[in-house]
Amino acid sequence: MHTLAEGAADPADPLCAAHLHCPPLAVATAADLAASALNPSLDSWDQAPAASALEAAVTRALAHAAGLADALVTSGGTESNQLALLLAREAHGGSVRLVCGANAHHSLPRAAWLLGLPDPVVVPAAGGTLDLAALDAALTALSGPLLVAATAGTTDAGLIDPLPEIAGLCTAHGARLHIDAAYGGGLLFSDRHREKLAGLEAAHTVGLDLHKLGWQPVAAGLLAVARPAELAVLHHRADYLNAADDTEAGFPDLLDRSLRTTRRPDILKIAVTLKTLGRTGLGALVDQVCSRAAEFAALVREHPGFELYDRPVISTVLFRPAGADDDTVAAVRRGLLYEGRAVLGRARLDGRLWLKVTLLNPHTRPDDLAQLLKLAEEGTRA
């Protein structure tokens, strides 16, 4: 344990702000430990009767919060995206064409490949969000069943595609809509920011990831669905897990709730967190990190030595040393990492490389932000 801790990046350190991994809440970590100690698997009801009932109730409540009907627990955004494509394929009789923006998560085209689907149609995403005119043109030109994948919270800049307009185009062209809200989905907890997710309720499927803006230990993903009947395609019969006579006797069949067989009761930590903090408490944490991102962006904007990409939409800020080339930007990031001074991310947008700060620690203070920028400045001079 000492070796792992000493050699780990600490997401609770304000100077560790590279990726979409949050410092988990103590109450969620404790619940996760309890789940590990009990070690049930949610592939049959007799192993986890309480956990299976809890999962059904909490997933449905979270799906309703997103404007959908039900949800499955997943290991994260990648599995959620793969499941969304699988459900779309089966709903259309065995084949569907993915249409996604150039800003889409890499797991979407990879899922199309894994599922034996045609090569995706990639729509331009100038400025980091999906281009509506290009999407309309693509949907007009294409034939056959189509699945449009939009993004609510890109991994590079935390940007949100124009969801209501995309939903309107999908309706007009008869296309199915999936929204990858692995990052931005947590905005649903916030009264101040949830309007940024307008249009989410129009999707057929929505991926959520509470080990980002939900402060859960990995893994805590969800796939919300508008039509629960579509989940029937996941059904599988294994006599030792869901024998027909057991099902007829009233034992719930859990094999149609996941592609996985053995799986942990990851819903426990989410349920305990919701019980302890409620939507209001989680919303306050969301508001805090979004405010800190806005404050950091203001520091960058006011500093003559740095260039700001744009105002943050969620809690990600992109910036770079003014006048620097991409090699210098990359060297600044690596230098701070090698020296153990700060962990910054990187993103390429508009043809240029940017330093990325993703703020997911609600306890980050204004002086931490100033220190982060100071370290970046010193790294530029090194």
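This is a predicted model: local features need pLDDT of at least 70, side-chain atom pairs count only at pLDDT 80 or more; totals for chains, interfaces and linings use all residues.
**Negative patch**
- Helix α9, residues 244–248, is the top contributor to the patch, putting in 3 residues.
- D46 comes from elsewhere in the chain: the loop between α2 (26–38) and α3 (49–65).
- With a relative accessible area of 56%, D46 is exposed, because the cut-off for that label is over 50%.

**Strand β2 and its partners**
- Strand β4 (residues 146–151) runs parallel to β2, and 4 bridges join the two; here C100 sits opposite A149.
- Strand β3 (residues 121–123) is also parallel to β2, joined to it by 3 bridges, with V99 opposite V121.

- As a rule, most residues other than glycine have a negative phi, and most peptide bonds are trans.
- The peptide bond between V218 and A219 is cis, with omega at about 10 degrees; A219 belongs to the loop between β6 (205–209) and β7 (221–225).
- W215 has a positive phi, near 60 degrees, and is also found in the loop between β6 and β7.
- D350 has a positive phi too, near 55 degrees, in the loop between β10 (345–349) and β11 (352–358).
- Buried or exposed, W215 and D350? W215 is buried at 1% relative accessible area, whereas D350 is exposed at 53%.

Conventions:
Residues are numbered from 1 along each chain as its sequence is written. Side-chain values use heavy atoms; hydrogens and water are left out. Buried means under 20% relative accessible area, exposed over 50%, partly exposed in between (1.4 Å probe, protein chains only). Two strands pair if DSSP finds at least two bridges between them.
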